[in-house]
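Welcome, and please take a look at the fold below. This briefing goes through strand pairing, aromatic contacts and charged contacts in turn.

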Amino acid sequence: MNFEMVVNRTVDTKERKTIFVKTTGNDKTRFTVILTCMADSTKLKPMIIFKRKLMPKIKFPLEVFVHVHEKDWMDEKE
């Protein structure tokens, strides 16, 4: 998932040649959400992996497992 999805199409009057789109600059910032369950239908905590090196400095709910990875991947270490 992307934090911000900038589109390359807009709706404006036909005569306009340039349209400015305001963004937060986070168009390449993304995260991965993993939802899992066991064979007996037990649901596990959702896992969120942020594409970054350091853990965000905000508190997350205890019902969610949060991890960071430089490439936004899930590998053997997780």
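Two strands pair if DSSP finds at least two bridges between them. Strands (E, at least two residues) and helices (H or I, at least four residues) are DSSP runs, numbered from the N terminus. With that in hand, strand β1 (residues 31-34) and β2 run antiparallel and are joined by 4 bridges.

A word on the ground rules: this is a predicted model, in which local features need pLDDT of at least 70 and side-chain atom pairs count only at pLDDT 80 or more, while totals for chains, interfaces and linings use all residues. Residues are numbered from 1 along each chain as its sequence is written, and side-chain values use heavy atoms, with hydrogens and water left out.

**Strands**

- Of the 5 residues in β2, 4 are buried, which leaves the strand mostly covered; here buried means under 20% relative accessible area, exposed over 50% and partly exposed in between (1.4 Å probe, protein chains only).

**Aromatic contacts**

- The whole structure holds 2 aromatic pairs, where rings of Phe, Tyr and Trp (its six-membered ring) pair if their centres lie within 6.5 Å, and planes under 30 degrees apart count as stacked, over 60 as edge-to-face and the rest as tilted.
- F31 and F50 make a tilted pair, at 6.1 Å centre to centre with 45 degrees between the planes.
- This pair links distant parts of the chain, as F31 sits in strand β1 and F50 in strand β2, 19 residues apart.
- F31 and F50 are both buried.
- F50 and F60 have ring centres 5.7 Å apart and planes at 40 degrees, so this pair is tilted.
- Here too distant parts of the chain are linked: F50 is in strand β2 and F60 in the loop between β2 and β3, 10 residues apart.
- F50 counts as buried because its relative accessibility is 10%, whereas F60, at 25%, counts as partly exposed.
- Together, F31, F50 and F60 form one aromatic cluster.

**Charged contacts**

- A search of the whole structure turns up 1 salt bridge, meaning a side-chain nitrogen of Lys or Arg within 4 Å of a carboxyl oxygen of Asp or Glu.
- The side chains involved are those of K53 and E70, at 4.0 Å from N to O.
- K53 lies in the loop between β2 (47-51) and β3 (65-69) and E70 in the segment after β3, so the pair ties together parts 17 residues apart in sequence.
- Both K53 and E70 are exposed.
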